[in-house]
Amino acid sequence: MSMSSLMTYIVSQVATYLSPALLYMYGKWLLSPEFVNKLFFRGSILGITLMTTFILRSYGRAINPKYKAFHKDLINAKLEYSTDNKKKLHNYDFDFSAWPIDFSWNTAEEESYKSNLTSNSFKMSLKLLSSPSRLIGFIAVHTFGISLIYPGSTSLLFYLMDQNLQKGRRALITSFGGERYKLKTIDGNFVDSMFIDKRQSNINSLNPKLIICTEGNAGFYEAGIMSSAIETHHSVLGWNHPGFGYSTGIPYIEQEKNAAETVIEFAIKNLKFSPKNIILYGWSIGGFASTYLAKKFPDVHAVILDATFDDLVPLAIPRMPSFAEKLVEFTVKEFTNLNVAENLIQYPGPVLLIRRSSDEIIALDPQNVATNRANYLLESLLERRFPKLFSSESRSALWVWLSTSGEQRSQVHLQYDVDLNAQSKLFPSSSKNYPLNLGDGWKDSEKIKMLLYLLLHVDGGAGADVLGPNPPKRR
């Protein structure tokens with residue numbers, strides 16, 4: 001973001017909050033000749049200054065050979081968006097609004113969406129007018145609330161990070177052969193994305209996979225989990241949430257879903273990856289978009305969730321005033337229902353959950369690993385897939401294990417006499433027809449052993465669950 005853009009943003013925000021005072025002053029001094037003269041004089045000075053600045057900038061660009069070469073390459077790319085012309089654009093870092101569009105939905109799909117959006121907007125307006133609490137929640141989310149949930153969408157953070165993002169983007173292109181793509185969502189926003197193609201590498205050429213990386217609430221693909229995914233030597237596709245970096249829009253839940261769906265459609269239709277070869281990798285709040293895609297595309301190869309929660313409500317309530325607890329709960333469920341568990345339990349494939357032992361964000365008490373919301377996410381998934389394994393005794397044993405970390409887990413296995421080899425023989429052959437009847441008619445002691453086995457082992461693709469003790473590196 002340029003300095004002028006930042007100043008424009010700040011001025012617009014100040015003007016919004018001072019609007020009552022400005023209106024009062026306007027009404028009081030409107031008929032004053034002195035005020036009109038001052039306004040005209042200062043407005044003229046400002047206009048002349050801006051015009052002079054634009055003229056000087058235009059002249060500087062017109063005589064700059066590098067800018068003229070860039071302008072020529074950009075025009076050629078817009079006229080003919082060939083591979084060679086696209087590669088030439090990677091020699092420059094320029095305003096993303098001028099980047100040619102690489103993917104968009106067809107006109108019929110866009111018109112259908114707009115028609116449904118109009119109908120839904122009318123229904124929402126009626127709901128807001130009929131419920132004061134719903135109206136208050138709507139205003140809260142659409143003013144300051146969304147910035148609290150997704151701070152990466154604020155202009156100030158982008159301005160502070162812009163230089164680092166440019167360096168990170170340049171490194172992905174020059175060091176890893178990354179290709180930048182501009183994707184148009186069905187609701188008219190633009191997603192900034194980066195693709196690194198490893199299909200021709202010797203390591204994975206016979207079994208190519210694509211890892212789609214979704215960042216956290218203050219993360220960007222230029223400086224996020226793409227670095228961990230790249231180390232696997234599989235192809236990687238990173239993208240920025242709506243309003244993050246150069247992606248347009250605001251990360252309201254509907255725009256977030258549309259952006260995520262656009263990314264995977266681009267991967268399937270343009271990059272030619274089959275869903276069965278796609279791995280969805282979500283970090284923190286990025287787990288919502290990843291699990292939403294897993295629900296929509298249940299044939300994806302696997303889902304990896306790193307430091308991800310089960311539901312936003314339990315995390316939002318403690319961070320807001322206690323007197324507003326009911327309103328916060330209602331507002332989150334109504335307008336920002338980031339219920340990761342609800343999405344994940346509808347996905348039948350392999351899942352890897354990575355829990356951070358001292359997580360300051362998704363643990364209600366960072367010093368108490370039992371309060372980490374990843375525990376609840378795992379419990380929901382296990383109970384959905386293996387409901388017969390759950391009883392009051394087995395659930396209690398499950399939480400004994402979830403309340404520990406490191407070497408303490410081995411002690412829990414000894415406490416309940418768990419033989420991992422024996423449990424592996426009792427586990428059924430690969431199946432995705434969840435829920436399974438595994439554990440039906442078993443004693444509580446047998447249910448406990450199987451649950452503790454499932455916590456650490458993935459069967460041959462059936463989709464058992466792992467809470468990884470050694471998370472991948474993250475720079």
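This is a predicted model: local features need pLDDT of at least 70, side-chain atom pairs count only at pLDDT 80 or more; totals for chains, interfaces and linings use all residues.
Close-up 1. Glu215 belongs to the loop that runs between strand E3 (210-214) and helix H9 (226-230), and its side chain reaches the backbone nitrogen of Ile225 at 3.1 Å.

**Close-up 2. The second largest pocket, with a volume of about 830 Å³.** The lining of this pocket is made up of 29 residues, of which Leu117, Asn120, Met124, Ile253 and Glu254 are the closest to its centre. Two or more lining residues come from each of helix H6 (107-130), helix H7 (132-149), helix H10 (253-269), helix H11 (286-296), helix H13 (325-335) and helix H14 (340-344), and H6 gives the most, with 10 residues. By residue class, the lining of the second largest pocket divides into 11 nonpolar, 9 polar and 9 charged residues.

**Close-up 3. Helix H17 (residues 408-415) and its buried face.** The buried residues of H17 are Arg409, Val412 and His413; seen down the helix axis, these buried residues fall within an arc of 100°, so they line one face of H17. An α-helix has 3.6 residues a turn, so residues three or four places apart point the same way. On the other side of H17, the exposed residues are Gln411, Leu414 and Gln415. Just after H17 comes Asp417, which takes a positive phi of about 55°.

Note on methods:
Residues are numbered from 1 along each chain as its sequence is written. Side-chain values use heavy atoms; hydrogens and water are left out. Helices (H or I, at least four residues) and strands (E, at least two) are DSSP runs, numbered from the N terminus. A polar contact is a pair of N or O atoms within 3.5 Å; within protein, one must be able to donate a hydrogen and the other to accept it, and residues adjacent in sequence count only if both atoms are side-chain atoms. On a 1 Å grid over the protein atoms alone, a cavity is a set of points where a 1.4 Å probe fits but cannot get out, and a pocket is an open set with protein on both sides within 12 Å along at least five of seven lines; lining residues have an atom within 4 Å of a point. Grid points are joined across faces, edges and corners, and a volume is the space filled by probe spheres set on the points. Ala, Val, Leu, Ile, Met, Phe, Trp, Tyr, Cys and Pro count as nonpolar, Asp, Glu, Lys and Arg as charged, and the others, Gly among them, as polar. Buried means under 20% relative accessible area, exposed over 50%, partly exposed in between (1.4 Å probe, protein chains only). The arc is that of the directions from the helix axis to the C-beta atoms.
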